[in-house]
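Please examine the model shown below before reading on. This report describes its overall build and then turns to individual residues.

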Amino acid sequence: RLFMMPGVAHCFGGEGPDWVNYLDVIDSWFETGDAPDQLTAYWLNDQMQPEGGRPVCAYPDVLTYDGSGDPRVPASFICQAP
């Protein structure tokens, strides 16, 4: 699976959310055999706690904003085919 993180610099930083709990995702994938279709990436505050997030879609799907929700809340977006 390829997950592109829009707005994120080479490995982290930038305007987009850049923290994903990859360990839990990989553990779940290994235990169930079900590859994830999307992840949730978070912005971290000064205490390294999640503060807003967005889904990250498995390629080739793209992230689409619902047009009305808070842009820092994952539920305001969906992953869909381009």
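The following paragraphs proceed from the whole chain to selected pairs and single residues.

**Overall build**

The model discussed here is predicted. The protein contains one helix and four strands. Read from the N terminus, these elements follow the order α-β-β-β-β. The C-alpha atoms occupy a box of roughly 35 × 30 × 25 Å along the principal axes. The radius of gyration is 13 Å, which agrees with the value near 12 Å that a compact globule of 82 residues would have.

Of the 82 residues, 24% count as buried. The protein exposes about 5,800 Å², and 56% of this area is supplied by carbon and sulfur atoms. Among contacts with a separation of 6 or more, residues 24 or more positions apart account for 26%.

**A salt bridge**

Side chains of opposite charge can pair when their charged atoms come close. In this protein the count comes to one salt bridge. The partners are Arg1 and Asp37, whose closest N and O atoms are 3.0 Å apart. Arg1 belongs to the segment before helix 1, while Asp37 is in the loop between helix 1 and strand 1 (38-44), so that the pair links distant parts of the chain, 36 residues apart. Both Arg1 and Asp37 are exposed.

**Aromatic pairs**

How many aromatic pairs does the structure hold? There are two aromatic pairs. Their geometry is set out in the table.

| Pair | Distance between ring centres | Angle between planes |
|---|---|---|
| Trp19 and Tyr42 | 6.3 Å | 45° |
| Tyr65 and Phe77 | 5.3 Å | 45° |

Why is the pair of Trp19 and Tyr42 called tilted? The planes of Trp19 and Tyr42 stand at 45°, so the pair is tilted; stacked rings would have planes under 30 degrees apart, and edge-to-face rings over 60. Trp19 lies in the segment before helix 1 and Tyr42 in strand 1, so the pair ties together parts that are 23 residues apart in sequence. Trp19 has a relative accessible area of 35% and is therefore partly exposed. Tyr42 counts as partly exposed because its relative accessibility is 28%.

The rings of Tyr65 and Phe77 also have their planes at 45°, so this pair is tilted. Tyr65 is in strand 3 (residues 62-65) and Phe77 in strand 4 (residues 77-80), and the pair links these distant parts of the chain, 12 residues apart. Tyr65, at 36% relative accessibility, counts as partly exposed. Phe77 has a relative accessible area of 12% and is therefore buried, since buried means under 20%.

**A buried serine**

Ser76 is located in the loop between strand 3 and strand 4. Is Ser76 buried or exposed? Ser76 counts as buried because its relative accessibility is 5%. Which residues touch Ser76, leaving aside its neighbours within four places in sequence? Ser76 is in contact with Thr64, Tyr65, Asp66, Gly69 and Asp70.

**The surface**

A nonpolar surface patch of about 360 Å² is formed by Leu2, Met4 and Tyr59. Met4 lies in the segment before helix 1. The relative accessible area of Met4 is 55%, so Met4 is exposed, as the limit for this class is over 50%.

Phe30 provides another example of an exposed residue. Phe30 is placed in helix 1, and its relative accessibility of 69% makes it count as exposed. The C-alpha atoms of Phe30 and Pro60 are separated by 22 Å, and the two residues are 30 residues apart along the chain.

**Backbone details**

Most residues other than glycine have a negative phi, and most peptide bonds are trans. Two places in this protein may be read against that background.

Where is the residue Met48 placed? Met48 is in the loop between strand 1 and strand 2. The phi of Met48 is near 60°, a positive value in a residue other than glycine. Met48 counts as exposed because its relative accessibility is 57%.

The other place is the bond between Tyr59 and Pro60, a cis peptide bond with omega of about 15°. Pro60 is found in the loop between strand 2 (50-57) and strand 3.

Methods. Residues are numbered from 1 along each chain as its sequence is written. This is a predicted model: local features need pLDDT of at least 70, side-chain atom pairs count only at pLDDT 80 or more; totals for chains, interfaces and linings use all residues. Side-chain values use heavy atoms; hydrogens and water are left out. Patches are made of residues with over 30% relative accessible area and no salt bridge: like charges are joined within 9 Å, nonpolar side chains (Val, Leu, Ile, Met, Phe, Trp, Tyr) within 5 Å. Accessible areas come from the Shrake-Rupley method with a 1.4 Å probe; for residues, only the protein chains shown count as cover. A salt bridge is a side-chain nitrogen of Lys or Arg within 4 Å of a carboxyl oxygen of Asp or Glu. Helices (H or I, at least four residues) and strands (E, at least two) are DSSP runs, numbered from the N terminus. Buried means under 20% relative accessible area, exposed over 50%, partly exposed in between (1.4 Å probe, protein chains only). The radius of gyration is taken over C-alpha atoms; the globule rule is 2.2 Å times the number of residues to the power 0.38. Contact means heavy atoms within 4.5 Å. Rings of Phe, Tyr and Trp (its six-membered ring) pair if their centres lie within 6.5 Å; planes under 30 degrees apart count as stacked, over 60 as edge-to-face and the rest as tilted.
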